[in-house]
Amino acid sequence: MLISCTGINKFYQGNQVLKSLALTVENQDRIGLVGNNGCGKSTFLRILTEQESADRLDTEEPVISKATHLRIGYLAQNAGLDGSKTVAEEMNAAFAPLLDAQAEMRRLEAKMNAGLTDDESDEYTRLSAYFETNGGYNTDVRLKTVLFGMGFSEQDLPRTVSGFSGGEKTRLALCKLLLESPDLLILDEPTNHLDFQTVGWLEDYLKDWKGALLIVSHDRFFLDRLCTSICELEQGTLTRYKGNYTAFTKLRAEAKARQQKEYDAQQKEIAKLEDYVAKNLVRASTSKSAKSRIKQLDKMERVDKPFAEQKSAKLSFTYAVTPPLDVLEVKNIDLTVGKGDTQKTLMDGISFAVRRGEKIGIIGENGAGKSTLLKVLRNIIPHKGLVRWAAGTRLGCFEQESESLNPYATVFDELHDRYPTLSDFEVRSLLGQVRLTGENVFKDTGVISGGERAKLCFAILMMEHGNVLLLDEPTNHLDLTTKEVLEEALAEFDGTVLFVSHDRYLLERIADNLLVLENGTVERFKGKFSVYQEQIKRKTEEEQAALIQEKQKKAAETAKSNFRSKEQRSQDAKLRKQQKDLEQETENLAAEEQTLNESLNDPEIQSSYEKMQTVCTRLEEIRTRQDEILEELILIEEELNG
């Protein structure tokens, strides 16, 4: 057992958010924590990590037990780093015990010529063993492996943390946690600020994690690939299910149906007994049997009624004025961040146009300038070049971090202050439409969850009645149900949409073309996101094939210039036969992969999550095998090259 808790209760403004929660985490556990926004997931994690206290009840006291010397790493939704330090300094801080041990070893080594005492000699031996056992000689390799895997480069090491974007800082905080290698790694929405390639790397890295994982995420594929059990937080109670997210959805539905059946059967039995008591209690001849039924009712262990599914939000984006056909013209603009010595030009000379009704996904690596581009389009940061919106254009904007909200205003006042002509009833109705109800509307916007702030921003967005929507990561912090509602609303919206997102589902369903920010340039891609991904994949494969071909050519030239014995030539023939077989297998896998990618556009497969999962699983197997083949071919080439 790494950590165990019982009797975890929490109240906010008189409402009980957590009710007698209990959870035990063993070594190697892979737990996904799911639940609707605002249900208390982040609160539970803060209590588990003792950053917040549970409430005591007269009948129950919270208890948290931990293994001796347990090391917990916790990535919160708004993780922060020391902005004055460089990336190298922050990352090396993860190795502080090792670096301290190394410094002491160096001090003792300097004294060796003069001679060490017995205690000093023993201490040096102990430190040396500790340093080697814990990978002290590989810290630089580990640091670069994690940083490069998470999308950073060698050039980022001397940069100060304050010069990075919010998403990049979150990635750096995650890098530091991975390098610290805690016994229990707790991640709250770790994929929110990751691009597609980095999410894949993180999944691979965490699959080999030696400790335990506790993950809050709304990414179904992420949970499916990593988790071996799912804990659902619903109506303040915690229920644990074995298996990944797909298994959880099935088991949960079966459990709900079984509980409903048992509840209905018991209610029928209770009604029958109560009816008998009502008719026979006052009769002398039947009073005894009626009292027996009363005792039977008192002893009956009541089955709880299943929780009613929470109503989903209702989103609808409308506008009154139709803009001209040519909505936006952008000519030779520059994207620049920072000021003074820290100023950095992300890209310059950007030009593109947007026509009415287009839905454009803006993609690129973190720090490429996606959010900056949206701010330039809104003319809220200075820039060079031309941004011209057509007459009659009305913008509706959604900010990634809800920056425009007043953290000290209540949810109700935030909306009412923006639209003072709305009656109190109309404000409550609009908030209810996005599922902000009850006492939540009187909480400050600075204390509600990220998902609740997003819903408030959607309520504001609906009131803006923009015929052009500018959205920056609109699905971050949303639960799966609300994501689907948003996707439906954007699909039905016949206006213009420009949105930044890492959400593969949203991009595929909504975007009809893409703006790709890469290597300081903007490329327009006409087509769906899946087509773009396939094109990038083919390009990567071609580059790898060219690399292999070049190596094969060099190997062949080297082979010709070297004398080969009969035995060597025989061995070479076997290797070339193996090489040919692997190349044929590569072609077969590529053909199968193309067929599977095309099947993803099949409505029958798109409508079935199980079929979609089967296809995606096979695609993952193919890609893994392709990587293995590439490594085998490289080894064969090296051996042929002598």
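Me: How many aromatic pairs does the structure hold?

Reply: The structure holds 11 aromatic pairs. Rings of Phe, Tyr and Trp (its six-membered ring) pair if their centres lie within 6.5 Å; planes under 30 degrees apart count as stacked, over 60 as edge-to-face and the rest as tilted. This is a predicted model: local features need pLDDT of at least 70, side-chain atom pairs count only at pLDDT 80 or more, and totals for chains, interfaces and linings use all residues. Residues are numbered from 1 along each chain as its sequence is written, and side-chain values use heavy atoms, with hydrogens and water left out.

Me: What makes Phe131 and Tyr137 an edge-to-face pair?

Reply: Their ring centres are 4.8 Å apart, and the planes stand at 90 degrees. The cut-offs are within 6.5 Å for a pair and over 60 degrees for edge-to-face. So Phe131 and Tyr137 form an edge-to-face aromatic pair.

Me: Why is the pair of Tyr245 and Phe248 called tilted?

Reply: The centres lie 5.5 Å apart and the planes meet at 50 degrees, so the pair is tilted. Tyr245 and Phe248 are three residues apart in helix α9 (residues 245-280), so about one helical turn separates them. Helices (H or I, at least four residues) and strands (E, at least two) are DSSP runs, numbered from the N terminus.

Me: Which residues do ring pairs link into a cluster with Trp201?

Reply: Ring pairs link Trp201 with Tyr205 and Trp209.

Me: Why are helices α5 and α7 called oblique to each other?

Reply: The axes of α5 (residues 139-149) and α7 (residues 196-207) come within 9 Å and cross at roughly 140 degrees. Axes are lines fitted to C-alpha atoms, for helices over the stretch in contact, and angles run from 0 to 180 degrees between N-to-C directions. Under 35 degrees counts as roughly parallel, over 145 as roughly antiparallel, 65 to 115 as roughly perpendicular and the rest as oblique. The two helices are therefore oblique.

Me: Which residues make that contact?

Reply: Contact means heavy atoms within 4.5 Å. Thr145, Val146 and Gly149 of α5 meet Thr198, Trp201 and Tyr205 of α7. They divide into three nonpolar, three polar and no charged. Ala, Val, Leu, Ile, Met, Phe, Trp, Tyr, Cys and Pro count as nonpolar, Asp, Glu, Lys and Arg as charged, and the others, Gly among them, as polar.

Me: How do you know that Arg171 lies over the face of Phe152?

Reply: A charge sits over a ring if NZ of Lys or CZ of Arg is within 6 Å of the ring centre and within 35 degrees of the ring normal. Arg171 lies over the face of Phe152, at 4.4 Å from the ring centre. Arg293 lies over the face of Tyr276, at 4.2 Å.

Me: Why is Leu395 called partly exposed?

Reply: Leu395 has a relative accessible area of 27%. That value falls between the 20% and 50% limits, so Leu395 is partly exposed. Leu395 lies in strand β14 (residues 395-398).

Note on methods: Buried means under 20% relative accessible area, exposed over 50%, partly exposed in between (1.4 Å probe, protein chains only).
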